[in-house]
Amino acid sequence: MITFFRIATVLVVSLSPVAGIAQYRAEDEAKVMAFMARIGRDDAVIRSLEVKDDTIRVHFRDGGMLLHSLLSPTLVMYSNYKETKEASRRSMRESPRFSATQMEERAWSFLPEGESRSGWRVERAMGFVAGYGERCGNYCFELAKLNQGLPSAGDSLTITLDGYEGKVLTFSQLTGFEGGDPPASTIPIEEARAIAVRALDRIEHAETRGWIKHEWAAQPPTWSQRYVVSGGGSRGPYSDPVVAEWPKRMRLRWVFRGPGGEVGIDAETGAVCYVGLMMDAGADKTVRRPLSRALQPVSGSRSDEEDRSYPWLWGLAAIPVALGAWLVVRARG
């Protein structure tokens, strides 16, 4: 009897961790399927689910993939490469069934629970394009949460919808950011613009630097403002050292964007927060847009022609862009 009791005890102790893992996995699966239902993909069937380094990674039988961070701020990213390609091929022979207005309305339906449109803004929208490529056959939208009436490099949604069935092809969501207080005073836009132009001299590659300065002189950069997490020991490319010394919090920035590059200027102090290079930066074809650009502002203009001329990798690239944004916020601020 004692022997049986001991054996039973050993079995219970041995099986308890397994039961705990199974329960934890079931909770993760429920969380995943709740998210899939939210984006209208609740018919997806899980092929594999893995939890590693506080991240849930899921592959679905229809070719979709989901990454869900369990850390805060939270990042959720979904993409379906197979269906993105199908929409692209379909655009070669068919016109879209849905209009841009209809698809924007659908994009708004994905706001987090409890959020209203008045607290968000369409930061960028790209219409239907026919052809063979990842930006063809779909509509793309980026929604940004507002802070003090301005977009914030924090809570955001990036959504790609196919133009035929209205399915979500890619979806990324960042949540869990705290808003910032407005600065006591801000430097004038003329002063900020002058600082931004001078900051171009920090670009190391002479040919790239010369090309951007020439283009900015011929075509003055557009500007915008947004709140961005800054300080806390981190800094952006070509930034002033003092930026890393600030307490980590949301701060208001002037942002100037022109051909080939973009510069962020702290609106309160005039410090250079970063100098970002775009993929079209001059003749130096080795220049690539750094991941830190993922959270940086866009210009005030949102015309289709402007968006098409700028190399944003919508569609399939929504996932790495959102991941880059998340890593930047956590590691760089």
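Predicted model: local features only at pLDDT ≥ 70, side-chain atom pairs only at ≥ 80, totals over all residues.

Reader: Which exposed residues does the face of helix 5 turned away from its buried side carry?

Author: His214, Ala217 and Ala218 sit on that face, and each is called exposed because its relative accessible area is over 50%.

Reader: And what makes Thr208, Ile212 and Trp216 of helix 5 a buried side?

Author: Thr208, Ile212 and Trp216 are buried, so each falls under 20% relative accessible area. They cover an arc of only 60° around the axis, which puts them on the same side of helix 5. Their cover includes helix 4 (189-199), strand 10 (249-258), strand 11 (261-266) and strand 12 (272-277).

Reader: Which residues of helix 4 are buried, and how do you know that they share a side?

Author: The buried ones are Ile189, Ala192, Ile195, Ala196 and Ala199. Their arc around the axis is only 125°, so they end up on the same side of helix 4. Turned away from that side is a face with the exposed residues Glu190 and Arg198. Helix 5 and strand 9 (222-230) are among the elements covering the buried residues of helix 4.

Reader: What makes Val32 in contact with Phe60?

Author: Contact takes heavy atoms within 4.5 Å, so that pair must meet this cut-off. Besides Phe60, the contacts of Val32 beyond four places in sequence include Ile46, Leu49 and Leu66. Val32 and Phe60 are also among the residues with the most contacts inside the largest nonpolar core, which has 30 residues.

Terms used. Residues numbered from 1 in each chain as written. Heavy atoms only, no water. Buried < 20%, exposed > 50% of the residue type's maximum accessible area, 1.4 Å probe, protein only. Helix = DSSP H or I, 4+ residues; strand = E, 2+ residues; numbered from the N terminus. Arc of directions from axis to C-beta. Core = buried A, V, L, I, M, F, W, Y, C linked by side-chain atoms within 4.5 Å.
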